[in-house]
Amino acid sequence: MQMKLLDGKKCAEHLVADISLKVAGYVASGLRKPHMTIILVGKHAPSESYVKSKIVSCEKAGFEGNLIRLPEEINEAELLERIHGINNDQTTDGLIVQLPVPKHIDQQNIINAIAPEKDIDGFHPTNFGRMTLGQKAFRPATAYGICKLLQFYEIPIKGKHCVVIGRSNIVGKPISIMLSNDFDIGNATVTLTHIETPRELLLDETRRADIVIVAVGIPGFVTEDMVKPGVVLIDVGINRLENGKLVGDVDFENVAPKCSWITPVPGGVGRMTVAALMINTLMAYQNNFNLA
Ligand code: NAD
């Protein structure tokens with residue numbers, strides 16, 4: 001079997017180019033550009049690189065991208081005040097508070113404070129609830145990006161058996177809900193596994209899965225013996241090794257030959273997360289201006 005790459009870079013570029021055409025049309029008709037604001041608290045190397053790629057993608061999409069840097073020592077009340085200010089600013093369509101925030105700040109309080117109509121990360125309980133119920137919502141960006149990647153490569157989902165490894169609120173939980181929902185990119189039968197899943201049960205599930213999505217943060221977690229030939233493998237993990245190399249959660253070298261499709265790291269899901277943020281920002285903007 002010929003393994004093929006699910007190229008997140010190519011798909012993201014295609015989606016962002018499509019968005020930039022729409023934006024050019026809106027701007028030509030006299031509207032302002034879509035506007036994304038990102039708040040970054042303190043210094044955190046991975047966050048710096050994620051924020052940078054979001055700002056670059058804003059430029060490519062024709063958006064205004066605005067980065068607000070706040071000091072590590074800022075307290076929760078001050079951060080909430082900044083968020084409320086942006087919530088009330090009609091010139092910002094989408095707001096991201098880059099996570100993680102410093103430990104002295106309650107992350108859930110921050111997520112809950114972002115106005116749902118600007119919550120382009122899709123983490124607010126209102127958006128998460130609406131997404132779960134199958135209603136229109138900003139969908140959590142990484143999970144939505146995975147769906148768009150599967151759609152781009154016309155990977156069949158309906159009726160397939162999908163196993164998700166990891167149950168985080170930002171990846172594992174939402175992708176398991178989205179792929180099992182009655183959505184265009186959905187209608188799979190999904191098993192959600194996590195750290196308390198007995199090893200034998202995990203292996204039973206992954207070995208008969210048509211699609212495996214892994215988001216655990218452990219390099220080489222998915223090995224060749226865990227999957228069946230022809231599996232579609234989505235590697236969400238982003239792990240920096242001591243030698244500086246960036247790897248996912250899959251033992252790529254040994255697992256890839258067994259797959260029909262697999263995402264590379266880097267150049268896979270990470271790129272799609274940023275593209276999904278652009279889609280969500282465009283939706284926030286279209287909602288603001290009552291555009292179709
Ligand atoms: P997390 O780090 O919050 O939690 C890890 C999850 O893995 C937990 O749900 C845990 O139950 C599960 N887990 C741990 N050991 C396990 C085991 N032995 N068997 C089964 N499940 C196990 O999860 P996260 O925030 O989703 O991050 C996971 C990885 O994905 C990290 O490497 C992170 O950097 C990466 N990530 C990438 C993107 C992207 O855009 N590509 C976005 C978010 C997260």
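These are my notebook entries on what I looked up in this structure, which is a predicted model.

**Entry 1: the cavity**

The structure holds one cavity of 30 Å³ or more, and the largest cavity has about 50 Å³ of space in it. I then checked which residues line the largest cavity, and got Ile96, Val97, Leu99, Ile110, Ile111, Ile114, Asp119, Asp121 and Phe123. Strand 4 (94-97) and helix 4 (107-113) are the elements that each give two or more residues to that lining. By type, the lining has seven nonpolar residues, no polar ones and two charged ones.

**Entry 2: helix 3**

Next I looked at helix 3. How far apart should its ends be? Helix 3 has 12 residues (76-87), and at 1.5 Å a residue they should span 16 Å; the end C-alpha atoms are 16 Å apart, so that agrees.

Then I asked myself which residues of helix 3 are buried. They are Leu79, Leu80, Ile83, Ile86 and Asn87. A reminder to myself: an α-helix has 3.6 residues a turn, so residues three or four places apart point the same way. On the face turned away from the buried side of helix 3 I found the exposed residues Ala77 and Glu81. The cover over the buried residues of helix 3 includes strand 2 (35-41), strand 3 (64-70), strand 4 and helix 4.

**Entry 3: helix 8**

I did the same for helix 8 (residues 199-207). Its buried residues are Leu202, Leu203, Glu205 and Thr206. They cover an arc of only 165° around the axis, so they too lie on the same side of helix 8. What do the buried residues of helix 8 pack against? I found strand 5 (161-165), strand 6 (189-193) and strand 7 (211-214) there.

**Entry 4: three buried residues**

Phenylalanine 138 lies in the loop between helix 5 (125-132) and helix 6 (141-152). Its relative accessibility is 3%, so it counts as buried.

Serine 47 is in helix 2 (residues 45-61), and it is buried because its relative accessible area is 1%. Beyond four places away in sequence, serine 47 touches Leu40, Gln98, Leu99 and Pro100.

Glutamine 286 belongs to helix 10 (residues 269-288). Is it buried or exposed? With a relative accessible area of 13%, glutamine 286 is buried. Its contacts beyond four places in sequence are Lys22, Tyr26, Leu291 and Ala292.

Most residues other than glycine have a negative phi, and most peptide bonds are trans. I went looking for exceptions.

The peptide bond from leucine 99 to proline 100 is cis, with omega near 5°. Proline 100 is in the loop between strand 4 and helix 4. Another cis bond joins valine 265 and proline 266, with omega about 0°; proline 266 is in the loop between strand 11 (259-262) and helix 10.

Glutamate 154 is not a glycine, yet it has a positive phi of about 50°. I found glutamate 154 in the loop between helix 6 and strand 5, and at 70% relative accessibility it counts as exposed. Asparagine 187 also has a positive phi, near 65°. It sits in the loop between helix 7 (172-180) and strand 6, and at 28% relative accessibility asparagine 187 counts as partly exposed.

Technical notes. Residues are numbered from 1 along each chain as its sequence is written. This is a predicted model: local features need pLDDT of at least 70, side-chain atom pairs count only at pLDDT 80 or more; totals for chains, interfaces and linings use all residues. Side-chain values use heavy atoms; hydrogens and water are left out. On a 1 Å grid over the protein atoms alone, a cavity is a set of points where a 1.4 Å probe fits but cannot get out, and a pocket is an open set with protein on both sides within 12 Å along at least five of seven lines; lining residues have an atom within 4 Å of a point. Grid points are joined across faces, edges and corners, and a volume is the space filled by probe spheres set on the points. Helices (H or I, at least four residues) and strands (E, at least two) are DSSP runs, numbered from the N terminus. Ala, Val, Leu, Ile, Met, Phe, Trp, Tyr, Cys and Pro count as nonpolar, Asp, Glu, Lys and Arg as charged, and the others, Gly among them, as polar. The expected span of a helix is 1.5 Å times one less than its number of residues. Buried means under 20% relative accessible area, exposed over 50%, partly exposed in between (1.4 Å probe, protein chains only). Contact means heavy atoms within 4.5 Å. The arc is that of the directions from the helix axis to the C-beta atoms.
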